Amino acid sequence: MAVRWLCSLFGKPFDGGKRMDHGGPQQQQHPMDQQQQSYHPQHPAMMRLYEVQKEVASLGPQVCTFSGLQNDREYKRLERDLTRLLLEVDQVDTEGKMELQGGRKRAAQEVEGLLRYLEENAKHPSRQAIEHLSTEARRLVDERVVAPQRSGGVAEINDELVEELQQLVLRLTQVKTEGRVPLRKARYRALTRLCAVQDVLEGRTQQQTLSLPLSGDTHEAVHCINQVMVKVSVARSQLVALLMGLSGRDSCAHLSRILTEMQVELDALDVSGNAAIRNYRKQVVEEINGLLKHLDLEGEGDDTRRYDLAHNNSIREIEAVRAHVHHLREGILRHCAMGDLGFRPKAELQSLLTHLDQVDTAKNPCIREARRRAVVEVQAIITFLDLREALARRQPGPAEHPAHRAVWMVLGSLSDLQAQVLGFDGKRVDKSYIILEEMLTKQLLALDAVDPQGDEMTKMARKQAVKFAQNILNYLDMKTDEWEY
């Protein structure tokens with residue numbers, strides 16, 4: 001619902017002592033009637049409605065960018081203020097006059113519209129999905145990192161944890177926002193925090209492989225650096241807790257001061273003349289800097305340029321590549337339908353992959369997902385061309401293993417189905433989508449039924465064919481998931 005919080009409540013705004021313009025034809029009236037029905041802006045009812053209009057104009061932007069839930073303090077404040085305005089509008093004495101009643105009605109509609117918009121976004125299924133994924137991420141991080149550190153144990157930071165977080169990031173990027181600013185904002189804020197945690201943990205995974213800390217006997221400054229390393233480990237856990245909303249006491253400003261004090265402490269150490277100790281200190285300083293860069297997320301998401309990506313230059317660049325890919329895909333399918341295999345713009349497609357690789361994502365997870373999806377589109381066409389080329393070159397001999405021949409027959413069917421998938425431009429409810437999905441599943445079952453009979457070449461070919469079929473299914477699923485920036 002479009003919220004018209006900047007619209008005038010009375011058609012055109014007041015202009016000094018001039019009469020309001022209702023719009024529409026004006027009837028000639030007796031001068032006394034005109035005097036009775038024309039209300040000066042100083043009229044108490046008009047003054048009160050005008051004050052409501054100004055409050056609505058002030059609350060409107062806050063409502064339209066609120067990205068929280070119904071139990072949030074800000075939600076309750078906005079709801080309370082809007083309800084108060086609605087009651088005040090209802091209490092305006094219109095004296096039974098049509099003009100005043102119309103102004104009061106428009107004021108009430110504006111306030112009610114804001115209340116509905118506020119509630120709709122807070123209760124929206126996508127907002128609930130964002131909260132569910134955020135809760136899942138908090139539980140995971142709390143169990144593996146925060147809770148063990150608080151109890152004096154060792155955090156379970158490993159590649160498996162990083163991969164689980166990556167899956168949650170991917171699921172968050174796929175939450176649909178229907179273009180609503182509050183939902184975009186909520187998704188972006190959840191993503192930035194989860195990506196920051198992932199970055200911190202990935203950095204820690206790399207640090208664990210270093211031969212640190214050094215022995216305290218090496219240099220008198222090493223003991224101090226070792227102590228700072230212990231503090232950094234504690235600060236890392238505190239940062240993760242802050243980012244995931246698991247810390248009720250600490251704040252970003254407090255943790256920033258602690259990390260800055262560590263830097264000052266390290267800078268004061270005399271490590272001249274010892275390259276190994278200088279490098280050791282440098283590594284610890286770099287790790288502290290890596291933590292500090294994630295402490296500016298307090299206001300992250302308030303800038304609409306970060307989460308409303310319609311005019312983002314990187315997105316425009318990706319969309320330009322996708323338009324080029326669409327043009328090439330149409331040409332390839334048209335030539336294949338005519339049996340012409342001479343049109344193979346693989347070099348051009350490879351250059352588009354290089355172009356996408358150079359797109360600046362500014363560490364924005366939504367831009368990264370947009371780029372990933374564009375890469376998948378290009379790769380799907382390249383694999384289609386590769387398989388067509390392999391099928392055209394294939395010259396089976398009489399000694400070919402029957403199971404191997406069966407795999408190639410399935411690959412031929414998959415190539416035809418992939419052409420249909422590349423050209424598909426519908427939705428999951430479409431009959432053609434259901435048919436494509438069923439036929440691809442049948443090919444997977446056909447591959448599963450192939451018995452290699454111990455032939456290693458057939459085993460490898462079947463494995464590659466299964467992966468190929470699954471990739472086509474995944475691509476079909478991606479084309480129809482209605483993802484948005």
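Gln 453, at 60% relative accessibility, counts as exposed, because the term is applied over 50% relative accessible area, whereas buried means under 20% and partly exposed covers the range in between (1.4 Å probe, protein chains only). The residue lies in the loop between α16 (431–448) and α17 (456–479), where helices are DSSP runs of H or I with at least four residues, strands are runs of E with at least two, and both are numbered from the N terminus. Although Gln 453 is not a glycine, its phi is positive, at about 55°. Most residues other than glycine have a negative phi. A second case is Glu 95, a residue other than glycine whose phi is positive and near 60°. Glu 95 is placed in the loop between α3 (73–90) and α4 (98–123), and its relative accessibility of 44% makes it partly exposed.

The structure is a predicted model, in which local features need pLDDT of at least 70 and side-chain atom pairs count only at pLDDT 80 or more, while totals for chains, interfaces and linings use all residues. Residues are numbered from 1 along each chain as its sequence is written, and side-chain values use heavy atoms, with hydrogens and water left out.

The protein chain contains 17 helices and zero strands. Of its 485 residues, 42% are classed as buried. Its accessible surface, computed by the Shrake-Rupley method with a 1.4 Å probe and, for residues, with only the protein chains shown counting as cover, comes to about 26,500 Å², and carbon and sulfur atoms account for 50% of this area. When contacts (heavy atoms within 4.5 Å) between residues at least 6 apart in sequence are considered, 76% of them join residues at least 24 apart.

Helix α8 (residues 222–243) packs with helix α9 (residues 252–267) at an angle of about 160°, their axes lying 11 Å apart; axes are lines fitted to C-alpha atoms, for helices over the stretch in contact, and angles run from 0 to 180 degrees between N-to-C directions. The two helices, α8 and α9, are therefore roughly antiparallel, a description used for angles over 145 degrees, with those under 35 degrees counting as roughly parallel, 65 to 115 as roughly perpendicular and the rest as oblique. The residues in contact include Ile 225, Val 228 and Lys 231 of α8 and Cys 252, Leu 255 and Glu 265 of α9. By class, this contact of α8 with α9 has eleven nonpolar, one polar and two charged residues, where Ala, Val, Leu, Ile, Met, Phe, Trp, Tyr, Cys and Pro count as nonpolar, Asp, Glu, Lys and Arg as charged, and the others, Gly among them, as polar.

Helix α8 also meets helix α5 (residues 125–150), the axes coming within 10 Å and crossing at roughly 135°, so that α5 and α8 are oblique to each other. In this contact, Val 141, Val 145, Val 146, Gln 149 and Arg 150 of α5 face Ser 233, Val 234, Ser 237, Val 240 and Ala 241 of α8, a set with six nonpolar, three polar and one charged residues. Val 222, also found in helix α8, is buried with a relative accessible area of 0%, and its C-alpha atom is separated by 9.0 Å from that of Val 271, which is 49 residues apart along the chain.

His 404 lies in helix α15 (residues 402–423) and, at 10% relative accessibility, counts as buried. When residues up to four places away in sequence are not counted, His 404 touches Met 457, Thr 458 and Ala 461.
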